[in-house]
Amino acid sequence: MKAAFAGILTFAAAALAAPFGSQKALPWDDKSVYEKHTIKAKGIEASFIEYGAVITNLWVNDKEGVMRDVILGWDDTTQYNVNAQHPYFGALVGRYANRIKNGTFEVNGQKYFTPINEHGVDTLHGGFTGTDRLNWTITDKGNDYIVFESYSHSGDQGFPGNLLTKVKYSVNDKQQWTIDYEGSPDADTPIMMSQHTYWRLDAFTSPDPTIKDHVLQIKADKFIKCDEYEVPTGEIASVSGTALDFTQPKAIGQDLMTAQECGTNCTGYDNAWVITDPNPSEETLTLYSPHTGIQLAINTDQVAYQFYSCVTMDGTIPVKKTQANGNHKFVEQYGCLVLEAENYIDGINNPQWGDKYTGLVKAGDKYTQSTTYTFSIHK
């Protein structure tokens, strides 16, 4: 463990010494082809790379017993760090996932500034060099689990405190994929990690190029209102009577084209839903594909989900070879979806919501999160 930690420190010093605004010697300048590391259990198999602690492939059985790769990504692992579009495929995003208004927040009376890397007005997913841009270190691995660690120094992307982060990915014979996060800061600092997996439960076998037929239920009766830049306004509104009402199972396409809560000139979903009754022992989100029968259910100790319906996909990103079946060659608009389990977005700038939603972790305390994805055949 000490050797691994020393390696992380060495990488951090080399890769992150430059100010966050600099584009020199950043991790994505490395043209390395990353080796995939695979874990497996009965009926489930997943592969990962060190860059961004990314999940590259996730295989589960469909209703015919055929193994399907149900997540998006790149065939060439080099693309995870050099592709200009950088859609955060399968990455662990942080230190602070989602958005920070105006790239600034206050802790203990002191203002901190993070990189403005979206719309010219906010910080997205932790800045230019968030955790998705780090080469994580593998510190442990077994047949059914793998552990990654990373180190972020105080001032990295403007955040206070040194932070050592550990994530454990594991699978089991119940066809479950579990992510356990742990962060240890030495100063008070906001932390909100999440997994940015892009889902396609039909593995592109359906004739429909979109996920409009996927059926979604989110046990959330409220959502966080956002402005034209998708930054929270501070208002938490009811989903009742809106296109964002997924309290009962509903095909994503049913109200997709009337969903107008995701910023200027945006039609679709890119919103944070507030879980009605957060309980890690209960499923609070389910998704299934009628075409393959594959169903995903999520249990989490987090209090919100960000659901993104791939509004900005434009048909330029290729479908992986593991999903190339003749129906589709490229990912079209609404051709996938992201489901991020996390805290209230930009909670650090909305203290009126309550202390537990700010994401602030005190020096010496631990940030923890656990989310489990269970796969089955919809009945």
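**A network of charges**

Modeller: Salt bridges link Arg 99, Glu 118, Glu 230 and Asp 270 in a network. A salt bridge here is a side-chain nitrogen of Lys or Arg within 4 Å of a carboxyl oxygen of Asp or Glu. This is a predicted model, where local features need pLDDT of at least 70 and side-chain atom pairs count only at pLDDT 80 or more, while totals for chains, interfaces and linings use all residues. Residues are numbered from 1 along each chain as its sequence is written, and side-chain values use heavy atoms, leaving out hydrogens and water.

Biologist: How many salt bridges does a search of the whole structure find?

Modeller: The search covers the whole structure. Its total of salt bridges is 12.

Biologist: How many residues apart are Glu 230 and Arg 99?

Modeller: Their side chains meet in a salt bridge, 3.7 Å from N to O. Glu 230 sits in the loop between β18 (220–226) and β19 (232–238), and Arg 99 in strand β6 (residues 99–101). Strands are DSSP runs of E, at least two residues, numbered from the N terminus. The pair thus links distant parts of the chain, and the separation is 131 residues.

Biologist: Is Arg 99 buried or exposed?

Modeller: Buried means under 20% relative accessible area, exposed over 50%, and partly exposed in between (1.4 Å probe, protein chains only). Arg 99 has 6% relative accessibility, so this residue counts as buried.

Biologist: And which residue forms a salt bridge with Glu 45?

Modeller: Glu 45 is partly exposed, at 25% relative accessible area. The closest N and O atoms of the pair are 3.6 Å apart, and the partner is Lys 40.

Key. Helix = DSSP H or I, 4+ residues; strand = E, 2+ residues; numbered from the N terminus.
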